[in-house]
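Here is a friendly walk through one protein chain and the way its parts pack. Have the viewer open while you read.

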Amino acid sequence: MSGGGPGPLLAQPLRPPSPGRAAALAGLFVLGALVGAAGALVQAAWFPGGLLLALAGAAGAFLGGSYVTRSRGGAVAPAAGWLVAVVLLTTTRPEGDFLFGAGGGSYLFLLGGMVLAVICATVGAGRQPGGGSARLGK
């Protein structure tokens, strides 16, 4: 490239995130885990409304993390925390107890949360080039 720019984004070397960004992503991971645990309890308690509330909370955490960090990684961090919490809550304990029932609401919560995580990570705030709001070619 003769434009004097740093080159394409994919050609840049990978750098570790700054300590502040790493702390923000770790906090979003914990937030996602808390949203997953709370959603697991709420969706079963108040079935139709609780399921919608749990999925709205998950979508808010995923999309909010994306907008706060201005990157797709901000949506992936709470989604990963949500997934870890939900998977750990679906496993049975040695006593035979488990948190999720075998009803349709639990499956809708699991699948709906995964779909929302993918949608929010895809549609969320991606990396945009700096500069004015005018067209880039001018």
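Among contacts in the protein chain between residues at least 6 apart in sequence, 69% join residues at least 24 apart; contact means heavy atoms within 4.5 Å. Please keep in mind that this is a predicted model, in which local features need pLDDT of at least 70, side-chain atom pairs count only at pLDDT 80 or more, and totals for chains, interfaces and linings use all residues. Residues are numbered from 1 along each chain as its sequence is written, and side-chain values use heavy atoms, with hydrogens and water left out.

**Overall layout**

The protein chain holds four helices and zero strands, and its elements run α-α-α-α from the N terminus on. Helices (H or I, at least four residues) and strands (E, at least two) are DSSP runs, numbered from the N terminus. Of the 138 residues in the protein chain, 30% are buried. Here buried means under 20% relative accessible area, exposed over 50%, and partly exposed in between, with a 1.4 Å probe and protein chains only.

**How the helices pack**

Two packed helices are described by the angle between their axes and the distance between the axes. Axes are lines fitted to C-alpha atoms, for helices over the stretch in contact, and angles run from 0 to 180 degrees between N-to-C directions.

Take helix α1 (residues 19-45) and helix α4 (residues 104-123): their axes come within 10 Å and cross at roughly 155°. The two helices, α1 and α4, are therefore roughly antiparallel to each other; angles under 35 degrees count as roughly parallel, over 145 as roughly antiparallel, 65 to 115 as roughly perpendicular and the rest as oblique. The crossing of α1 past α4 is right-handed. A crossing is left-handed if the near helix is turned anticlockwise from the far one by less than a right angle, and right-handed if clockwise. On the α1 side the contact is made by G36, G39, A40 and Q43, and on the α4 side by G105, S106 and F109. Sorted by class, the contact of α1 with α4 has two nonpolar, five polar and no charged residues. In this scheme Ala, Val, Leu, Ile, Met, Phe, Trp, Tyr, Cys and Pro count as nonpolar, Asp, Glu, Lys and Arg as charged, and the others, Gly among them, as polar.

Now turn to α2 and α3, whose axes come within 6 Å and cross at roughly 145°. This crossing of α2 and α3 is right-handed. In α2, the residues A58, A61, F62, G65, S66 and T69 meet G74, A75, P78, A79 and W82 in α3. By class, the contact of α2 with α3 has seven nonpolar, four polar and no charged residues.

**The aromatic cluster**

How many aromatic pairs does a search of the whole structure find? The search finds two. Rings of Phe, Tyr and Trp (its six-membered ring) pair if their centres lie within 6.5 Å; planes under 30 degrees apart count as stacked, over 60 as edge-to-face and the rest as tilted. F62 and W82 form an edge-to-face pair, at 6.3 Å centre to centre and with 90° between the planes. The pair links distant parts of the chain, with F62 in helix α2 (residues 47-69) and W82 in helix α3 (residues 73-90), 20 residues apart. F62 counts as buried because its relative accessibility is 0%, and W82 counts as buried at 1%. Ring pairs link F62, W82 and F109 into a cluster.

Not counting residues up to four places away in sequence, W82 touches G32, A33, V35, G36, A58, F62, F109, L110, G113 and M114.

**Distances across the chain**

M114 lies in helix α4 and is partly exposed, with a relative accessible area of 39%. I119 also lies in helix α4 and counts as partly exposed at 44% relative accessibility. The table lists C-alpha separations involving these two residues.

| Residue pair | Apart along the chain | C-alpha to C-alpha |
|---|---|---|
| W82 and M114 | 32 residues | 9.1 Å |
| M114 and A59 | 55 residues | 10.0 Å |
| I119 and A75 | 44 residues | 9.6 Å |

**A backbone detail**

Most residues other than glycine have a negative phi. R70 has a positive phi of about 55° although it is not a glycine. R70 sits in the loop between α2 and α3 and is exposed, with a relative accessible area of 64%.
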